[in-house]
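Hi everyone, thanks for coming. Please take a look at the model on the screen, and then I'll walk you through it.

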Amino acid sequence: QVQFVESGGGLVQPGGSLRLSCAASGIIFSLYAMGWYRQAPGKQRELVAFISSGGRTNYADSVKGRFTISGDNAKNTVYLEMNSLKPEDTGVYYCNFAPVRNPWGQGTQVTVSS
């Protein structure tokens, strides 16, 4: 059974940084395209960062230049490094396949506020 467990969220001031982690079990994540998704309050869930099985990355325009997605094959973990955070980055962050084909995990809450 495939499971993703997200962690690393929290409350941070504008301009701050966080690193999110997604531990994958039941798969070797490096064989698949993976994504980090965000659901902001009152909005639909959106893909903000993508990494292919070959390591190619892509980002939503709203986070380009500030967020970095990466993977650690030894730990079977996908990361999202978030810098220069803005209040509009607030939301629950999830990881999943890209495109999505697995039930969502619990996500991790990111709140950017002064």
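Let's start with Tyr 93, which touches Glu 6, Leu 20, Trp 36, Tyr 37, Arg 38, Val 48, Phe 67, Leu 80, Met 82, Gly 107, Thr 108 and Val 110, leaving out residues up to four places away in sequence. Touching, or contact, means heavy atoms within 4.5 Å.

A quick word on the ground rules. This is a predicted model, where local features need pLDDT of at least 70 and side-chain atom pairs count only at pLDDT 80 or more, while totals for chains, interfaces and linings use all residues. Residues are numbered from 1 along each chain as its sequence is written, and side-chain values use heavy atoms, with hydrogens and water left out.

Now the sheets. When I say strand, I mean a DSSP run of E with at least two residues, numbered from the N terminus; two strands pair if DSSP finds at least two bridges between them.

Three bridges join strand 9 to strand 10 (residues 108-112), and the two run antiparallel. One place to look is Val 92, whose bridge partner in strand 10 is Gln 109. Strand 9 is also joined to strand 4 by six bridges, again antiparallel, and there Trp 36 stands opposite Cys 95.

How many residues of strand 9 are buried? Seven of the seven are, so strand 9 is largely enclosed by the rest of the structure. Buried means under 20% relative accessible area, exposed means over 50%, and partly exposed is in between, using a 1.4 Å probe and protein chains only.

Four strands make it up, in the order 1-3-8-7, with antiparallel pairing. Strand 1 and strand 7 are the edges, each pairing on one side only. Neighbouring strands of this sheet are turned by 20° against each other on average, direction ignored. Six bridges join strand 7 to strand 8, which run antiparallel, and the bridge partner of Ile 69 in strand 8 is Leu 80.

A general point before we go inside: in a regular strand the side chains alternate between the two faces of the sheet.

So what is in the core? The largest nonpolar core has 27 residues, and those with the most contacts inside it are Phe 4, Trp 36, Phe 67, Ile 69, Leu 80, Met 82 and Tyr 93. A nonpolar core here is a set of buried Ala, Val, Leu, Ile, Met, Phe, Trp, Tyr and Cys residues joined through side-chain atoms within 4.5 Å. Strands that each supply at least two residues of this core include strand 5 (46-51), strand 7 (67-72) and strand 8 (77-82). Which strand gives the largest share? That is strand 3, with four residues.

Next, find Met 34, in strand 4 (residues 34-39). Met 34 is buried, with a relative accessible area of 1%. Leaving aside neighbours within four places in sequence, its contacts include Phe 4, Ile 69 and Phe 97.

Phe 4 and Phe 97 are an edge-to-face pair, 5.3 Å centre to centre with 75° between the planes. Phe 4 lies in strand 1 (residues 3-7) and Phe 97 in strand 9, so the pair ties together parts that are 93 residues apart in sequence. For the definition, rings of Phe, Tyr and Trp (its six-membered ring) pair if their centres lie within 6.5 Å; planes under 30 degrees apart count as stacked, over 60 as edge-to-face and the rest as tilted.

Phe 97 is buried, at 4% relative accessible area. Phe 97 also forms an edge-to-face pair with Tyr 32, at 5.2 Å centre to centre and 65° between the planes. Is Tyr 32 buried or partly exposed? At 29% relative accessibility, Tyr 32 counts as partly exposed. Phe 4, Tyr 32 and Phe 97 form one aromatic cluster.

Last stop: Arg 45. Its charged end sits over the ring of Trp 104, 3.9 Å from the centre, and Arg 45 also lies over the face of Tyr 94, at 4.4 Å from the ring centre. A charge sits over a ring if NZ of Lys or CZ of Arg is within 6 Å of the ring centre and within 35 degrees of the ring normal.

Terms used:
Axes fitted to C-alpha atoms, helices over the stretch in contact; angles between N-to-C directions.
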